[in-house]
Amino acid sequence: MKILVCISNVPDTTTKVKFKDDHTSFDDSGVQWIINPWDELALTRALELKEDAGNSVNEICVIHVGAASADATLRKALAIGADKAIRIDACAADAYYVAGQIAEYLKENPFDIVFSGIESSDYNGSSVGAMIAEFMDYPGISSVTSVNLDDDDIQLTRAIPGGKQVLKTETPFVAVVQKGITNEPRIPAMRGIMMARKKPLEVKPAAEIEILTKSVKFELPAEKGACKMIEAESAEQLVELLKNEAKVL
Amino acid sequence: MSVIAFAKNWNGKFKNSSYELVSYTKELANKLNTNLVVLSIGEVSNDELNTLGNYGADKVVTVNDPKLNTLTSRVYAKVISQLADKEGATVVVLSDNNSGKAIAPRVSVQLKAGMVAAVQEIPVSFNPFIVKKRVFSGKAFGHVQIDSEKKVLTIAKNCFGLVENPVDVAIEDFTPEVDASLFKVQVVEEEEQKNKVILSDADVVVSAGRGMRSPENWAPVEELAEVLGAATACSRPVSDEGWRGHEEHVGQTGKVIAPNLYIAAGISGAIQHVAGISRSKCIVAINTDPEAPIFSVADYGIVGDVMEVLPKLTEAIRNSKS
C-alpha cells in the first residue's frame, strides 16, 4: 500500500506576522519555514504504519504545491523518512486550486491512502484534504485522531463533540488528521538528513485548475486593552465585573 | 439566488451553533435580497425543526431519512448540492465545526463554488463578494474575495451570536438521489461522554496548566467548573504529562475554542496556547507570576496562588447565585 501525505510549507509558529505592499501580501523577510505541524504529525503516522510489519504499507510520498523555495522543507520531509517528494510547481492560489493540482497528480499516480493535516497554520483553510477526496470521488474522513491498519483492515477514529467514533472504510480514501494521530512528530536523524539528498524530489508542472478566490488584503488585530488586575482576596469583585461589566456570567 | 444554511443536528437536536447559523444566514439573505432555506438531514421531529423559526428560518427543508442520521460527508455534501441546484442557491453556509469542515469543502468542489472557512462576520462587501476570516492562527485577519458565481462559507463559532427573529416555519420534505455506493464509511463504535459539558460547545471554560503543580490538585478546577456549568480544559504540557485527557487540550495543535468566558488558572500563556483561546469573548487569568504572557491577552487578571484563588472564586459565585 502507498500513502501520499500532503505537505504545506508555513512560517514557524513564533513568527511575528507582518504584511507589505499596503497590507496586501505577507512579508516573508526573515521568516523561518517549517512543515505545517499537522502535516508533520500525518507524515509521522504514515511512517509508523510503514514500519509496522502488520500491514502492507511500503511507500510514503509527500506532495506540495508551491515554489522552489519550499524545497528545503520537502528535503526535511525526506530526511524524516518519506521515500519521495513531489512538488507541483505553482503558486498555491487557494485550497480548491491546491486540491485540484494534487488530484491531477493522483489521477496519473494512484495511492491507496491520502493523509492531510486538518488545517495549515498560515491560512487555516481546513479544506484541501476533503476537496481532494471530492475531486477524486473517494470517501473522506475528517477530524481523524487515529488510523490503524492491522492486516490492512482499516480502522479510523473520528472526533465528535464530546466523544469519538470508530469507523471502517476501504481504500482508496482520504484521512484528514488532527492531534492524537500520533504522539510526537518525528525529528530527522543525521542519517536521515544524509539519505535525503539521494531521494527523489520530482518537480511537476501545474495543471489547468481554476482559481475561485483571492486574498485582497490583510489586517492586524486592534491592540487589546490593558488587563484589569484584581486583588487575590477580592473574588467577589471579579464576579461582579464578570456579571455586570463583561456580561459573561 | 437563495441562501442555503445546513443546520446540523446531534441525535435529532439542534445546538446553539445551529441557531447562530440561522441568525447569520437570515441576515445574509436579507442583505442579498433573497430568501433563506434551512436544510436539516437525518431524523428530526417537526417540533425541533420549528425551533429554527425562532431565529428567522421561514423555510426548512428536511431529509428525514434514518440512513442519514450518521454523518457521511460525501453523502451530506451531495444532498446539499442537489438542494442548492433545486433552489437555485448561490450561497451555501455551514458552521465551522467538525462536520462543517468535512462537508463544506466537498460542496465547494461539487458546485465549483469558491469557499472561505471560519468567516468572522457578514461579508464586508457583496459586489465584489468579500469576507473576513482569521489567518496565521489568529494573529491577523484576511479579506478574501470569492469570484465564482456560487459560494460556500463556514462561519466561526460565536462570530455573530443568536438573533431572535420569530417567524412561522414552512417545513418541506426533500428526497435526494443518493447512490448506495457512496456510503463507504461505517460507524463501528461510538463513545460519548455523558454528564459532562462538551468543551467545543461550552459558553464558559475553566482551564488549568502546570501552575496547578500536580494532577492531584485538580479538585478546585473541577469545583469551579461545576458551579459555573462550565467545561474543563488544560494546556498542552498538562495533557502531554497525562495529567488530563487529550480532549481537554486547548491550543494551536489542540482545540481552538471561542467561549464567552475562559478562565486560565496556572497557565503562562505561550503563543501556541493563546492561538487556541484568542477568540474568547472574555479571558480571566490567575497566575503567581505578574509577568506571565497570559496577562497581556487577558481582560481580567489576578496575581495569586491558584489553590487559594480558585476556591474563593467558587465561593463568590455560589454566594452570588443565592
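Trainee: Which strand does E4(B) join through 5 bridges?
Mentor: Strand E9 of chain B, residues 151-155; E4(B) and E9(B) run parallel. Keep in mind that this is a predicted model.

Trainee: Can you give me a residue pair? Which residue of E9(B) is the bridge partner of Ser95(B)?
Mentor: Ile155(B).

Trainee: And how many bridges join E1(B) to E4(B)?
Mentor: There are 3, and these strands run parallel too. E1(B) covers residues 3-6. Take Ile4(B) as an example: its bridge partner in E4(B) is Val92(B).

Trainee: How many residues of E4(B) are buried?
Mentor: 5 of 5, across residues 91-95.

Trainee: Which residues sit on each side of E4(B)?
Mentor: Val91(B), Val93(B) and Ser95(B) are on one side. Val92(B) and Leu94(B) are on the other. Both faces of the strand are covered. Ser95(B), the bridge partner of Ile155(B), is among those buried residues.

Trainee: Switching topic. How is chain B divided into domains?
Mentor: Domain 1 spans 3-182 and domain 2 spans 204-321. Their C-alpha centres lie 33 Å apart.

Trainee: How many residues does the contact take from each domain?
Mentor: It takes 5 from domain 1 of chain B and 6 from domain 2 of chain B.

Trainee: How do the residues on the domain 1 side divide?
Mentor: Into 1 nonpolar, 3 polar and 1 charged.

Trainee: Now the open sheet with 6 strands. What is the strand order?
Mentor: E15(A)-E16(B)-E15(B)-E14(B)-E12(B)-E13(B), with parallel pairing. One strand in that order comes from chain A, namely E15(A).

Trainee: By how many degrees are neighbouring strands turned against each other?
Mentor: By 20° on average, with direction ignored.

Trainee: What does helix H5 of chain B lie across?
Mentor: E12, E13 and E14 of chain B. The helix takes in residues 219-228, and E14(B) is 261-265.

Trainee: At about what angle does H5(B) run to E12(B)?
Mentor: About 175°.

Conventions:
Residues numbered from 1 in each chain as written. Chains lettered and ligands numbered in written order. Predicted model: local features only at pLDDT ≥ 70, side-chain atom pairs only at ≥ 80, totals over all residues. Domains from an automatic or database assignment. Contact = placed C-beta atoms within 7 Å. Nonpolar A, V, L, I, M, F, W, Y, C, P; charged D, E, K, R; others polar. Buried ≥ 20, exposed ≤ 12 C-beta atoms within 10 Å, placed from the backbone. Helix = DSSP H or I, 4+ residues; strand = E, 2+ residues; numbered from the N terminus. Pairing = 2+ DSSP bridges. Axes fitted to C-alpha atoms, helices over the stretch in contact; angles between N-to-C directions.
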